[in-house]
Amino acid sequence: MIGQARNFLWLNARTLEQRWFEHVFDGGSAEAVVRAVLAYRNDDGGFGHGLEPDHRGPTSQPLHALRALQLFGAVGAPEHAEPVLAWLRDTCPDGSVPFGFSTSRDHPRAPWVAADDQGGLLLTSQIAAALHAMKIAHPWLDRATEYCWLRIDRLERTHPYELRGAAMFLDEVPDRARAELAAEKLKHLTQSTEGYAEGEGLDPHEFAQKPTSLARAWFTDDELARDLDALEQGQQEDGGWTFGFPAFTPIAHFEWRSIATVDALLTLRRYGRIS
């Protein structure tokens, strides 16, 4: 399984995903991953240039900042989060992060990627989760955390991606008692898939990304076992995994498949399906 995935990544992946795979499965250095991420950094402290495959163009955008922070956390490099926090402080001073800034309007992006400067829970929750996972303390993160709590407390309906972001936030936020109460509420929310492609959605392991996730309680043992069985059996003949949403360009298809492949292997390892 891992050998086939390795071959797929050498044939198809960007340097970034190759370095990430090397670090987590072949003993590669964390610094090599950091260098690959920093190649996408702009002078303003943000990230651009297609770091997140659905948002092309050079301008610094929240989706790219999220991806950078997640990778810094994955390799234990929280010191590289400071410039991103400075960028977030300057561009999102109230702690609410939009899906995309209007500065991206002149560059290609997936049709579902907004460029309207409107903050929301979807990105704010995931960025806050990535920062909390690195045990970072910062005034901007305090504002983002309060924003997330406010939005989660007021949620009556949601959609799968927003729910996943909220679950990620609850897994990492320091107030564990409040997080447990909020997770119980979220379990019962109605999810809308309006605007989603046919068959698009998220699987249990994408909400409960590790066995200790609060969202683990949203699923029975049988539901999660079937989901992990399907994930394990989802490796394609070429060694890679696929992903459950449309690709808006051919290059984004291969970039997302590479990310999905490393994510699948890491999920299976976290749940004890592979060593």
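**Figure 1. The loop between strand 1 and strand 2, with Asp117.** In this predicted model, Asp117 is found in the loop that runs between strand 1 (97-98) and strand 2 (119-120). The backbone at Asp117 has a positive phi of about 65 degrees, although Asp117 is not a glycine. With a relative accessible area of 36%, Asp117 is partly exposed.

**Figure 2. The loop between helix 6 and helix 7, with Lys135.** Lys135 lies in the loop that joins helix 6 (121-133) to helix 7, and its phi, near 60 degrees, is a positive value in a residue other than glycine. The relative accessibility of Lys135 is 71%, and because exposed means over 50%, Lys135 counts as exposed.

Figure 3. The side chains of Arg151 and Glu162 meet in a salt bridge, with a distance of 3.9 Å from N to O. This pair links distant parts of the chain, since Arg151 belongs to helix 7 (residues 139-154) and Glu162 to helix 8 (residues 160-172), and the two are eleven residues apart. Are the two partners buried or partly exposed? Glu162 has a relative accessible area of 9% and is buried, whereas Arg151, at 28% relative accessibility, counts as partly exposed.

Figure 4. Asp153 forms a salt bridge with Arg178, and the closest N and O atoms of the pair are 2.9 Å apart. Because Asp153 lies in helix 7 and Arg178 in helix 9 (residues 176-187), the pair ties together parts of the chain that are 25 residues apart in sequence. Asp153 is partly exposed, with a relative accessible area of 45%, and Arg178 likewise counts as partly exposed, at 31% relative accessibility.

**Figure 5. Salt bridges around Asp229 and Arg273.** Between Asp229 and Arg273 there is a salt bridge in which the closest N and O atoms are 2.9 Å apart. Asp229 sits in helix 11 (residues 221-232) and Arg273 in the segment after helix 12 (250-270), so that the pair, 44 residues apart, links distant parts of the chain. Asp229 is partly exposed, having a relative accessible area of 31%, and Arg273 also counts as partly exposed, at 27% relative accessibility. Glu232 joins these two residues, and Asp229, Glu232 and Arg273 are linked in a network of salt bridges.

**Figure 6. Helix 2 and what covers its buried residues.** Which residues of helix 2 (residues 15-25) are buried? They are Leu16, Glu17, Gln18, Trp20, Phe21, Val24 and Phe25. The cover over these buried residues includes helix 1 (2-12), helix 3 (30-38), helix 4 (62-74) and helix 12. Helix 2 is followed by Gly27, whose phi is positive, near 75 degrees.

**Figure 7. Arg154 of helix 7, viewed together with Phe21.** Arg154 lies in helix 7 and, at 61% relative accessibility, counts as exposed, whereas Phe21 is among the buried residues of helix 2. Arg154 and Phe21 are 133 residues apart along the chain, and their C-alpha atoms are separated by 39 Å.

**Figure 8. The chain as a whole, as a setting for the close-up views.** The chain has twelve helices and four strands, and along its principal axes the C-alpha trace spans about 45 × 45 × 35 Å. A compact globule with 275 residues would have a radius of gyration near 19 Å, and the chain, which has 18 Å, agrees with this. Buried residues make up 53% of the 275 residues in the chain. Among the contacts with a separation of 6 or more, 65% are accounted for by residues 24 or more positions apart. The accessible surface of the chain comes to about 12500 Å², and carbon and sulfur atoms hold 49% of this surface.

Key:
Residues numbered from 1 in each chain as written. Predicted model: local features only at pLDDT ≥ 70, side-chain atom pairs only at ≥ 80, totals over all residues. Heavy atoms only, no water. Salt bridge = Lys/Arg side-chain N within 4 Å of Asp/Glu carboxyl O. Buried < 20%, exposed > 50% of the residue type's maximum accessible area, 1.4 Å probe, protein only. Rg over C-alpha atoms; globule rule 2.2 N^0.38 Å. Contact = heavy atoms within 4.5 Å. Areas by Shrake-Rupley, 256 points an atom, 1.4 Å probe, with all protein chains shown as cover.
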